[in-house]
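Here are some notes from going through the model, jotted down as numbered points. Have the viewer open while you read.

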Number of protein chains: 2
Amino acid sequence: MAKVLVLGAGMMGTAMTVPLTDNEHDVHLVGTHLDGHIIEEIHESRTHPKLRSAVPVSVKPYPIAGLEEALRGVDLIFLGVNSLGVEWVAEALGPLLTGDVPIVALTKGLVGDGQKLTLLPHVLRNALPSSYREEVRLAAVGGPSIAGELAARRPTGIVITGSDQTLLDEVASVMRTSYYHIWTSTDVIGVEVSVALKNVYALAVGMVQGWMERDGIDEEGDVMHNMAAAIFAQALCEIAYLVDYMGGEVENVYGLPGAGDLYVTCMGGRNMRMGRLLGSGMRYEEAKARHMADDTIEGAELALAIGDTIEAMIERGDLEGASLPLLRTVIDIVCHDAPVVFPWDRFFTSETSLHPPKRS
Amino acid sequence: MAKVLVLGAGMMGTAMTVPLTDNEHDVHLVGTHLDGHIIEEIHESRTHPKLRSAVPVSVKPYPIAGLEEALRGVDLIFLGVNSLGVEWVAEALGPLLTGDVPIVALTKGLVGDGQKLTLLPHVLRNALPSSYREEVRLAAVGGPSIAGELAARRPTGIVITGSDQTLLDEVASVMRTSYYHIWTSTDVIGVEVSVALKNVYALAVGMVQGWMERDGIDEEGDVMHNMAAAIFAQALCEIAYLVDYMGGEVENVYGLPGAGDLYVTCMGGRNMRMGRLLGSGMRYEEAKARHMADDTIEGAELALAIGDTIEAMIERGDLEGASLPLLRTVIDIVCHDAPVVFPWDRFFTSETSLHPPKRS
C-alpha cells in the first residue's frame, strides 16, 4: 500500500482515484485553485460535478490550501491538471518537494516556443526548482482512457512512459487492476507526441460531420465514415512523421497512444463537438465564443500552443510541410480563423512521409 | 472514355458504376447467377434493393446470360463479387477472355489451404485459364469505401494496388472523380492483407459492445470506447505483424488500407452486428442461425477461411502465436464456437511484435 497524492480534481484526476483506492492505496485528492467547488462537493456527497460514478469513500479530498498537509509522506504524485496548468503545478508543488517523490503526469500536450516543440513532461521538469530538477523521476500516461469509463471500472488499457524502467514498473503496479490494463514504454517521445497530437487530429475528424451536414450530403441519414476514416488514416501518417522527426519510435503511433487514443477521441467529446461546428461553416472564434466559451477544447488549445512554431519550423525547412497537410489545415482554421477546406490533393503524398502510396 | 465491365451487382459493384459513369465511361453491369433480381430491378426502376442512391441511367444492366455480349470490346473489368465468388468468377469469365483485358478486384480476402495463406488476387490468377494466367494484368482496391457512401458521391479515399505501376495509373485515372480520391501502391501484400484482416478484427471490436451490455457495465449509457480503442490498437499491431510476416510493408497498415479501412468497418454494418451478438454471450453458430442466417459476415467468413491454416502455421512454428492473441481469440469464437474472453494479458506483449511496449 502506497500513499498517493493526486493533484487536480478534474475528471481524469478524480477518475484515477478509483483504481488507486481499489488497490487499497491511501489516496489524497487535492483540487487546484479552480477546483474548490469540486472538492467541496466530493467532501459533502462523494459525487463529482462531471463524473457519474461515486468518488470512493476512502479518498481524502483537500482544497489547494491543504496541499502541504496532503503531501506529507506521499510516495507518488499524479498530476491531473489540464495541459494549461503545468507551469502552475510546478509553482505550487515545486517549493514543497525535495525531488525524491516521483511524479506521474496524466496531462498531455506539446508546447511551442516559436523555435521548437517541447513535450509536456519536459516543460514540467524545466519549471521545477533547480535544486532537484534533474533528479526528479517523471513518468507519464498515454492511451485511450476516457475518465468517465475508468471511473465506472470499464476495461481500459494504457501505456506508462518514462526513461526509468524501474519507475515505470513501480507505477504500473500501483495503478494496475483487473479492469485497468497497463503496459510500459521507455519511448517517451513516441508516446507523448502521439497522445498530444491526437486531440488536434480528432478535431479534424470531427469537422467531417459538420462539413457533410452543411453540404446536405448527409440528408439520407448515413454517417460519413469513408471520409472520417481517410482523415483518421492521414492523421496517423502525420503523427508518425512528427514522432519520427522528434526522435521517437513510430511503434507507439500505431498502438495504444496513437491509434488507440485517436480512436477513442474521435468517438465523442469536446473536440468532436467543436469540429462539427467548424465543419458546418462557423469560424473558430465565433464557434468558441458562441457555443463553447467555457469549455477547454484540447485540440484547439494544442493548435494554438504549437501553431506558430509549426509554421516557423516549416518556413525554416526544419519540418517538411508536405508531410503535414492536415495539421497545417487545422492550424489555419484554429489560429487564423480560416474556413474548413480538406486538402485531398496533398494527403498521402509526401516523399518524406513514412507512408508512400503514390497519388498518381 | 473507356468501355468498362463490372461483374457483380452487389452494393460495391453497383456503387462503382457511379464514379465510372460520372467519368463518362460506357459501363456494363453484369449480375452474377445470384443477382438476377437485382439486374431486373435496375432495368425496371434504376434502383438497387440495398443501395439508396439511383443507379445511373447510362449503366447497361445485364443478367449473367448476357456476360459474353457485355464483354465485347471492354477495356477494363471490375470484379464486384464477394470473397466467396472468386473461383466462380474465374470459371465464368475465364473462357471468355484472352488475357489482354486488365482486371480490377473490388473483392477482399485471404484463403488458407492448411499450409499457407494466399491473397485473393493470387487465388483469382491461379483459377484463370493457363493460356493467359501469367500475363493478365491484375489490380485490386483497398481502403475505406462503404458502398452506400460512394454511390451517394460522398468523399471517399482508396488505394489501388498491383505490381504494374502503369496499370495502376490507368485504373486510377478511370476511377478518380472530385469525390473519389485515389492513390496507388505496388505493395500488394501490405494492402491486401490489411483490407482482408480488417473484417475479422472489426468483429472483435464489435464484441466489446455486446460484452459490456451483458455485464451490465453499459447501464449508464456511455459507449465503451476505451476498450474498443484498445482492441482497435491491438488489431493494428497484429495486422502489422502478419503483413510483415508475409513480406509486405507496414506503411499500408497505418494508412487507408489498414487503419482507415478498419476504422470505417468498426462504425457499423454486419461485422459489428455479429460482434455484438457474440459479445452478448451468444455462440457463433446460434447467432448466425438465429439472427443473421442470410447475411454474409465478412469477418466470420475470413475466420472460417483462414482459421485452420493460422492454427496449423502457429503449431508448426511458422507464425508466432504470441503475436496474434486477438486473431486466435476470434478464430476460437467463430470456428470452435468458443465464448468471448478478451486475453488482455497477451495483448501488446509479443517479443516479435513490431510494437514493443512492455507489459511489466
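1. Starting with the chain-chain contact: chain B puts in 55 residues and chain A puts in 55 residues. Bear in mind that this is a predicted model.

2. On the side of chain B that touches chain A, the elements supplying at least two residues each are α6 (147-151), β9 (156-161), α7 (165-175), β10 (180-185), α9 (225-246) and α10 (256-265). The largest share, 10 residues, comes from α9(B). By residue type, that side of chain B splits into 31 nonpolar, 14 polar and 10 charged.

3. Now for α8 of chain B, residues 188-214. Its 27 residues should span 39 Å at 1.5 Å a residue, and the end C-alpha atoms sit 40 Å apart, so the two values agree.

4. Over in chain A, check how α8 (residues 188-214) packs on α13 (residues 298-315): their axes come within 7 Å and cross at roughly 110°. An angle of 65 to 115 degrees counts as roughly perpendicular, so that is the label for α8(A) and α13(A).

5. Which residues make that contact? From α8(A) there are A196(A), N199(A), V200(A), A202(A) and L203(A), and they meet E298(A), G299(A), A300(A), L302(A) and A303(A) of α13(A). The contact of α8(A) with α13(A) comes out as 7 nonpolar, 2 polar and 1 charged.

Key. Residues are numbered from 1 along each chain as its sequence is written. Chains are lettered from A and ligands numbered from 1 in the order in which they are written. This is a predicted model: local features need pLDDT of at least 70, side-chain atom pairs count only at pLDDT 80 or more; totals for chains, interfaces and linings use all residues. Two residues are in contact if their C-beta atoms, placed from the backbone, lie within 7 Å. Helices (H or I, at least four residues) and strands (E, at least two) are DSSP runs, numbered from the N terminus. Ala, Val, Leu, Ile, Met, Phe, Trp, Tyr, Cys and Pro count as nonpolar, Asp, Glu, Lys and Arg as charged, and the others, Gly among them, as polar. The expected span of a helix is 1.5 Å times one less than its number of residues. Axes are lines fitted to C-alpha atoms, for helices over the stretch in contact, and angles run from 0 to 180 degrees between N-to-C directions. Angles under 35 degrees count as roughly parallel, over 145 as roughly antiparallel, 65 to 115 as roughly perpendicular and the rest as oblique.
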